[in-house]
Amino acid sequence: MRWQGGRTGGGVEDRRGMGGGAIAGGGIGVGVLALIGYFVFGIDPSTTTQLASQLGGVGASEQQGQVGTPEDQAGRFVDVIGANINDVWAQKLNGYQPPKVVIYEQGTGTGCGYGQSAMGPFYCPNDKTVYLDLGFWQEMETQLGASGADFARAYVIAHEFGHHVQTLTGTSDQVRQAQQRASGQGEANRYSVALELQADCYAGVWAKNAAAVSNGQVALEPGDIEEGMKTAQAIGDDTLQRRGGGRVSPESFTHGSSAQRVEWLQRGYQSGDPASCDTFGGA
């Protein structure tokens, strides 16, 4: 993936080295639970972080890192990709306002409670912020079988920005209301799947438009979309349930199967149009 010449946004808050640490009373156990909960069962990160806070961690963030463009390559990558995603959505969504972006290590306070790196990248609607522990990329590759290619990582970032778009459009609130009216957990889970697949589709929309808004400075190269699909497949609910040693239980899916995640990433990429991302027809 080409990105080195892309513009930087200068709005990344870098909390790395601030000593977030493990949660007192919870430690790595809570982190592992969060990882399993988020990727396998689709538990909202705010649920896990609030629990973690009750176990003795930091609550809503009092931390303030340095805001700007990080000097290291990994941090700069986040800034360039985030700026490019914002440029795409500024064209696609009237009144678009970018989310905040925080990079951290191990753990940090968020508007949704205490966040840990084991939760993976996540979006907190309460403070409209995308949280990233960059060390998690390695965990995704070694433990989940995801791709280590730049585009695969950018896809995950774009997915979280997709949740921000859903917050701005009111889709997230509509889903929560529908889940509250649902007749059972299975129906509620179907709404969650639709929300996650739409975020995958939105990531594809960004990928299709990345080059156009950057004069080719941020652009996919041959093989990149395949690397993104490899990651989408690796984090499908069915794949993760098999990896966890359990039976595949479609009624418990909250993020979508591997095939669904690949399909909607492709659909967004092929169309480049958010209007193609209506994943709720069968919810």
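Helix 3 (residues 73-92) lies across strand 1, strand 2, strand 3 and strand 7, and runs at about 165° to strand 3. Contact here means heavy atoms within 4.5 Å; axes are lines fitted to C-alpha atoms, for helices over the stretch in contact, and angles run from 0 to 180 degrees between N-to-C directions. Helices (H or I, at least four residues) and strands (E, at least two) are DSSP runs, numbered from the N terminus. The model is predicted, so that local features need pLDDT of at least 70 and side-chain atom pairs count only at pLDDT 80 or more, while totals for chains, interfaces and linings use all residues. Residues are numbered from 1 along each chain as its sequence is written, and side-chain values use heavy atoms, with hydrogens and water left out.

Helix 5 also packs on the sheet, where it touches strand 3, strand 6 and strand 7; its direction makes about 25° with that of strand 6. The sheet itself is open, with 5 strands in the order 2-1-3-7-6 and mixed pairing. Strand 2 (66-68) and strand 6 are the edge strands, each pairing on one side only. On average, neighbouring strands of this sheet are turned by 25° against each other, direction ignored.

Strands of a sheet pair through backbone hydrogen bonds, either parallel or antiparallel. In this description, two strands pair if DSSP finds at least two bridges between them.

Strand 7 (residues 129-132) pairs with strand 3 (residues 100-103) in the parallel sense over 4 bridges, and L132 of strand 7 is the bridge partner of I103. With strand 6 (residues 122-124), strand 7 pairs in the antiparallel sense over 3 bridges, and here V130 is the bridge partner of Y123. Strand 6 and strand 7 form a hairpin with 4 residues between them, and K128 in the turn has a positive phi of about 50°. From strand 7, T129 and Y131 point one way and V130 and L132 the other way, and all are buried, that is, under 20% relative accessible area, against over 50% for exposed and in between for partly exposed (1.4 Å probe, protein chains only).

Helix 5 (residues 150-169) is mostly covered, with 16 of its 20 residues buried. The expected span of a helix is 1.5 Å times one less than its number of residues. The 20 residues of helix 5 should therefore span 28 Å, which agrees with its end C-alpha atoms being 28 Å apart. Helix 5 is followed by G170, whose phi is positive, near 90°.
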